[in-house]
Amino acid sequence: MSCNKKKCMWRRGNMTVETALLMPIVIMAWMGAVSICLFVHNRAWLTAAAYESAITGSWDAMHSEGDMEGRAWEKLQHLLKSSLYGSKDIHSKVEENGNAIFVTVEGGHIAYGGLEWKFCVRGSRKLCNPVLFIRQSRGF
């Protein structure tokens, strides 16, 4: 099979033109997926930090001179020292409410293309007093 010269000339740069037209779309989709993955990672990291801080504060409740909110706040600040790529304006709050301690972390995440996503995560834990629990279970 032979092709005439005019027909072959038009097919020579076909792949280059199609690739040049398609690559910006592929790159935008790829960067969007990376942005979503970073947002999910940061939100999971902050959720774990909130729960870990609440647990640290709840264990401090069994000491008579313990400062639950202070210990939870200290632990949270230590965990938030690591930088989270894309996250900004991270605010945290620690509060004791009756027999539980609550840690709340709020902030935003800048995604590819200037999109901004907000997040609010909360960790809570009942105050821990193992001595009282053991005494109640044994009937002392």
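Which residue in the turn of the β1 and β2 hairpin has a positive phi? The legends below take this predicted model one view at a time.

**View 1. β1 and β2 form a hairpin.** Between the two strands lie 2 residues. Gly98 sits in this turn, with a positive phi of about 70°. The strands run antiparallel, and 9 bridges join β1 to β2, which covers residues 100-110. Look for Glu96: its bridge partner in β2 is Ile101. Val94 also has a bridge partner in β2, namely Val103.

**View 2. β2 and β3 form a hairpin with 5 residues between them.** Here the turn holds Gly113, whose phi is positive, at about 90°. One place to check is Thr104, which has Arg122 as its bridge partner in β3.

**View 3. The strands make an open sheet.** Strands of a sheet pair through backbone hydrogen bonds, either parallel or antiparallel. This sheet has 3 strands in the order β1-β2-β3, and the pairing is antiparallel. Which strands stand at the edges? They are β1 (87-97) and β3 (116-126). Each has a single partner strand, so one side of each is left without a neighbour in the sheet. From one strand to the next, the twist averages 10°.

**View 4. Helices pack on the sheet.** Helix α2 touches β1, β2 and β3. The direction of α2 makes about 25° with that of β3. Helix α3 lies across β1 and β2. Relative to β1, α3 runs at about 160°.

**View 5. Helices α2 and α3 cross.** Two packed helices are described by the angle between their axes and the distance between the axes. Helix α2 spans residues 14-59, and helix α3 spans residues 68-79. Their axes come within 8 Å and cross at roughly 150°. An angle over 145 degrees counts as roughly antiparallel, so α2 is roughly antiparallel to α3. The crossing is right-handed.

**View 6. Side by side, residues of α2 meet residues of α3.** From α2 come Trp45, Ala49, Ala50, Glu52, Ser53, Thr56 and Gly57. From α3 come Met68, Arg71, Ala72, Lys75, Leu76 and Leu79. What is the make-up of this contact by class? It has 7 nonpolar, 3 polar and 3 charged residues.

**View 7. Phe39 and Trp117 form an aromatic pair.** The structure holds 2 aromatic pairs. A pair of aromatic rings is described by the distance of the centres and the angle of the planes. For Phe39 and Trp117, the ring centres are 5.2 Å apart. The planes stand at 65°, so the pair is edge-to-face. Phe39 belongs to helix α2, while Trp117 belongs to strand β3.

Conventions
Residues are numbered from 1 along each chain as its sequence is written. This is a predicted model: local features need pLDDT of at least 70, side-chain atom pairs count only at pLDDT 80 or more; totals for chains, interfaces and linings use all residues. Side-chain values use heavy atoms; hydrogens and water are left out. Axes are lines fitted to C-alpha atoms, for helices over the stretch in contact, and angles run from 0 to 180 degrees between N-to-C directions. Helices (H or I, at least four residues) and strands (E, at least two) are DSSP runs, numbered from the N terminus. Angles under 35 degrees count as roughly parallel, over 145 as roughly antiparallel, 65 to 115 as roughly perpendicular and the rest as oblique. A crossing is left-handed if the near helix is turned anticlockwise from the far one by less than a right angle, and right-handed if clockwise. Contact means heavy atoms within 4.5 Å. Ala, Val, Leu, Ile, Met, Phe, Trp, Tyr, Cys and Pro count as nonpolar, Asp, Glu, Lys and Arg as charged, and the others, Gly among them, as polar. Two strands pair if DSSP finds at least two bridges between them. Rings of Phe, Tyr and Trp (its six-membered ring) pair if their centres lie within 6.5 Å; planes under 30 degrees apart count as stacked, over 60 as edge-to-face and the rest as tilted.
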